[in-house]
Amino acid sequence: MKKLFLVIVAMLTTSIAFAQGTTSIKDSSIFKGRFYNKEYNVYIQLNAYQRNVRVPGQDIFGELPGFLGDNQDARKWLFTDVELSDSTIANLTVINDYGSEDLMATFEKKNDGTFELQQGKGSDMKIARNSKWVKLPKKLAFVKQ
C-alpha cells in the first residue's frame, strides 16, 4: 500500500510539472501510439509527449504516459514516468496495477523500424497464462500498429 501511495504522489508531481511546462520533452510521434508483440499477444499504449493515456477500467490512476496490456488478461503494467534519452530511446518507470512490483525499462526504436522493450532494474514483468504467471523475456520486440 505504501508503494501505491508513493506512486500516486509521483504521478501527481509529474502531472503538475508537465502542466506548468517544466518538461523538456519535445512533441513527436515516435513514442506515441499502439505497439504490438505477436508472440506473447501483449501491447503497449504510449504517449511519451502529452502523457494523456488512460488505462481502461482503471481511471483511478488518471492520465499516464502509457501501459503494457495483455490481450488475454485485464491486468496491466503502468508507465508512471517517461524520460526521453534521445529521439530513439524512452526510459520508463513501470509498476504493476496493484502497486506491488516495479521496475525500470527502456523502449527503443531500432534501425529496422521495430521497437524493443528491455526490462532493467527491479521486478520481472509477468503475464497470466493458463492460471499461471509467465515471465516476459528481458527483451521483447514490438511493431507499431
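Is E101 buried, partly exposed or exposed? With a relative accessibility of 22%, E101 counts as partly exposed, where buried means under 20% relative accessible area, exposed over 50%, and partly exposed in between (1.4 Å probe, protein chains only). The model is predicted: local features need pLDDT of at least 70, side-chain atom pairs count only at pLDDT 80 or more, and totals for chains, interfaces and linings use all residues. Residues are numbered from 1 along each chain as its sequence is written, and side-chain values use heavy atoms, with hydrogens and water left out.

Side chains of opposite charge can pair when their charged atoms come close. Eight salt bridges are found in a search of the whole structure, each being a side-chain nitrogen of Lys or Arg within 4 Å of a carboxyl oxygen of Asp or Glu. One of them joins E101 to K126, at 2.6 Å from N to O. This pair links distant parts of the chain, 25 residues apart: E101 lies in the loop between strand 7 (89-96) and strand 8 (102-109), and K126 in strand 10 (residues 126-129). Strands are DSSP runs (E, at least two residues), numbered from the N terminus. K126 is partly exposed, at 21%.

A further salt bridge connects K138 with D124 (2.6 Å, N to O). Because K138 sits in the loop between strand 11 (132-135) and strand 12 (139-144), and D124 in the loop between strand 9 (115-122) and strand 10, the pair ties together parts 14 residues apart in sequence. K138 has a relative accessible area of 41%, and D124 one of 22%.

Salt bridges that share partners also join E108, K110 and E116 into one network.

Note on methods:
Helices (H or I, at least four residues) and strands (E, at least two) are DSSP runs, numbered from the N terminus.
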